[in-house]
Amino acid sequence: MARMWRRLVRPRALLLVLFVLCLAVGGGATAALIRADYSDTRTAAEALTRHQARLLEQYFGRTLDAADQVVRRVIDQSMMQANRPLEISADQLDALRRTIAEAPHLDNLYLVDAKGRVVLDIQEGTKTGNSLATEEWVRAVLAGGGDALYLGAAARESTSGHVVFPVARAFRDRAGRVLGAVAAIVDVATFAALTDDGDLGPQPDLAVYRQDGVRLAAYPQMEGEGGQNQATRRAFAAPLTQAATGTFVVPGREGEGGRIVSYRSMPARNLVVCASLDVDEAMIPWRHRSVATLLTAALVLGLLITLVEVLAREIRRDRAASAALQAANRDLSRSNADLEQFAYVASHDLKEPLRNIASYVQLLQRRYHGRLDEDADTFIGYTVDGVRRMQVIINELLVYSRIGTGPLTRGTVQTGVLVSTALANLKSVIAEAGAAIEIKGPLPMVVGDAGQLGSVFQNLISNGLKYRRDEIRPELTIAAQDRGTQWQFSITDNGIGIDGQYHKQIFELFKRLHARDRYAGTGIGLAVCQRVIERHGGEIWVDSTPGQGACFCFTLPKG
């Protein structure tokens, strides 16, 4: 289980898991978005058909009322002609023509006698006396026994070419005998005002039916549709028996989506108005948006794949670079270890022959001093001095190499004790320089190697005493500050100071800024301090201005 988990959290495996997760979430979100958009579009289409059916009901009702008014007006005016009831005066005819011209929904007005012959055609497309007895509305009105308003099926008007339907009433004398019929002809094209909404997408088809199922009018009108009876169609009849208004879907043929139909009954007029919308047409905007959504998802997927590939390539590159860096670090560590071991062995092995040289040179100096010429004594003195410096360098080099190769003996260390020990070791130097040493506050306890940390304090205090100015008394201040997770120690002097360009160089091995006859030393002390502090997880640096002293600071972790 643990091995499987480690495999899973590898960068490439984790990247693959994240990619699959993003793919699944993105695919699910895209599918959910498309489904939600489909549902919203379908709901909007149904709402549109309901809205158009309501508008058609109101518009058709007003149209019938206006047409019936014109019909009744003609009947009333004809009744005023007691002797010639089927005649219309010239003034009345002009008024009717103005009415027809001002009513955009009316296409014509007919007055026929009891035999169906034309008495009046406002548009004068049919000659007076011609028979219209074969027209469905003429037969129905003249044969009817009542005065009810009759709505005829839509047909194409031969004179104007418009698709129209008649609104007719019987014309009777005072004895109730049928003298003829009056019909106002309504232009179906006026229904276009309900659907012409510019570029708002598919618009519903409109239709008006009688309760017996006969289609009276439709927009747009298809040839041969006028007068069709829908009563035998279950899709038409079944919903009408359930409610006065409603919305249903008429199934289409195989491969088609059918039609969304909203209807509203007009019981007072024995009519049903319908607004219908082809499902496939209604869903065209949804298809366009779905294609756009899928293309966007594909683009995002392509970008994601590209990003994953780039990240995978970067991971491979980083792993290769990391492996190379680890190999280089191993080689460097091995080289450093070999170098430190070489320095230790070399310095250790040099001590014995150097001790022999020193012994014999000192023996020559004691035995033959003054017995040889002056130059010989000078040369022997140089040799003794050089051997002594070499012994000091080898000893300090051994100390430096031991710091890098030996283990740290960690323990709780009281830094105040380390400072006191260093001051005790330097007691004679302090007295000789007449220096004043100030320790500010109690120094903290740290965890580390007491011997190595003690050498740091002693080296830095010794340097503060060594590089003093001749004209003033040396003063040193030792302090510690809390820096959160670390302690920062500082040793400040008022000596000669250090130029800023040498602030980093002075921590290099054998780096000296002054001649040996002016300030003694090997140039190893600060390098030892830096190695000790870095092995303890801290840093060391100097802040100094020439002629104004120096402040050596270093940090040590608290834990």
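Predicted model: local features only at pLDDT ≥ 70, side-chain atom pairs only at ≥ 80, totals over all residues.
User: In the open sheet with antiparallel pairing, which strands stand at the edges?

Analyst: This open sheet has 5 strands in the order E8-E7-E11-E10-E9, and its pairing is antiparallel. A strand at an edge has a single partner strand, so one side of it is left without a neighbour in the sheet. The strands in that position are E8 (215-219) and E9 (245-250).

User: Over how many bridges does E11 pair with strand E10?

Analyst: Strand E10 covers residues 259-266 and strand E11 covers residues 271-278. Within E11, Val-273 has Arg-264 opposite, and Leu-271 has Met-266 opposite. The two strands pair in the antiparallel sense, and the number of bridges is 8.

User: Which residue of E11 is the bridge partner of Tyr-209?

Analyst: E11 also pairs with strand E7 (residues 205-210), in the antiparallel sense and over 6 bridges. In E11, the partner of Tyr-209 is Val-272.

User: How many residues of E11 are buried?

Analyst: In a regular strand, side chains alternate between the two faces of the sheet. From E11, Leu-271, Val-273, Ala-275 and Leu-277 point one way, while Val-272, Cys-274, Ser-276 and Asp-278 point the other way. Both sets are buried. The count for this strand is therefore 8 of 8 residues.

User: Is Asn-270 buried, partly exposed or exposed?

Analyst: Asn-270 lies in the loop between E10 and E11, a hairpin with 4 residues between the strands. Its phi is near 60°, a positive value in a residue other than glycine. The relative accessible area of Asn-270 is 42%, which falls between the cut-offs of 20% and 50%. Asn-270 is therefore partly exposed.

User: What is the C-alpha to C-alpha distance between Phe-60 and Val-273?

Analyst: Phe-60 belongs to helix H2 (residues 11-79) and is buried, with a relative accessible area of 0%. Val-273 is a residue of E11. In sequence Phe-60 and Val-273 are 213 residues apart, but in space their C-alpha atoms are separated by 8.5 Å.

User: Within what arc do the buried residues of helix H3 fall?

Analyst: Helix H3 (residues 90-102) has 13 residues and spans 18 Å from its first C-alpha to its last, close to the 18 Å expected at 1.5 Å a residue. Its buried residues are Gln-92, Leu-93, Ala-95, Leu-96, Thr-99 and Ile-100. Seen down the axis of H3, these buried residues line one face of the helix, because they fall within an arc of 160°.

User: Which exposed residues are carried by the face of H3 turned away from its buried side?

Analyst: The buried side of H3 includes Leu-93 and Leu-96. The face turned away from it carries the exposed residues Ala-90, Asp-91, Ala-101 and Glu-102.

User: In the open sheet with mixed pairing, which strands have a single partner strand?

Analyst: The sheet has 5 strands in the order E13-E15-E16-E18-E17, with mixed pairing. Neighbouring strands are turned by 15° against each other on average, direction ignored. One side of each edge strand is left without a neighbour in the sheet, and the edge strands are E13 (436-439) and E17 (540-544).

User: Which residue stands opposite Phe-489 in E16?

Analyst: Strand E15 (residues 475-482) pairs with E16 in the antiparallel sense over 7 bridges. Phe-489 is also part of a cluster that ring pairs form with Phe-457 and Phe-554. The residue opposite Phe-489 is Ala-480.

User: Is the pair of Phe-507 and Phe-552 stacked, tilted or edge-to-face?

Analyst: The whole structure holds 8 aromatic pairs. The ring centres of Phe-507 and Phe-552 are 6.3 Å apart and the ring planes stand at 75°, so the pair is edge-to-face.

User: How many residues apart are Phe-507 and Phe-552?

Analyst: Both Phe-507 and Phe-552 are buried. Phe-507 is in the loop between strand E16 (486-493) and helix H13 (525-535), whereas Phe-552 is in strand E18 (residues 550-557). The pair thus links distant parts of the chain, and the separation is 45 residues.

User: How far is the charged end of Lys-558 from the centre of the ring of Trp-487?

Analyst: The charged end of Lys-558 sits over the ring of Trp-487. The distance to the ring centre is 4.9 Å.

Key:
Residues numbered from 1 in each chain as written. Heavy atoms only, no water. Phe/Tyr/Trp six-rings, centres within 6.5 Å; stacked < 30°, edge-to-face > 60°. Buried < 20%, exposed > 50% of the residue type's maximum accessible area, 1.4 Å probe, protein only. Lys NZ or Arg CZ within 6 Å of the ring centre and 35° of its normal. Expected span 1.5 Å × (residues − 1). Arc of directions from axis to C-beta. Pairing = 2+ DSSP bridges. Axes fitted to C-alpha atoms, helices over the stretch in contact; angles between N-to-C directions.
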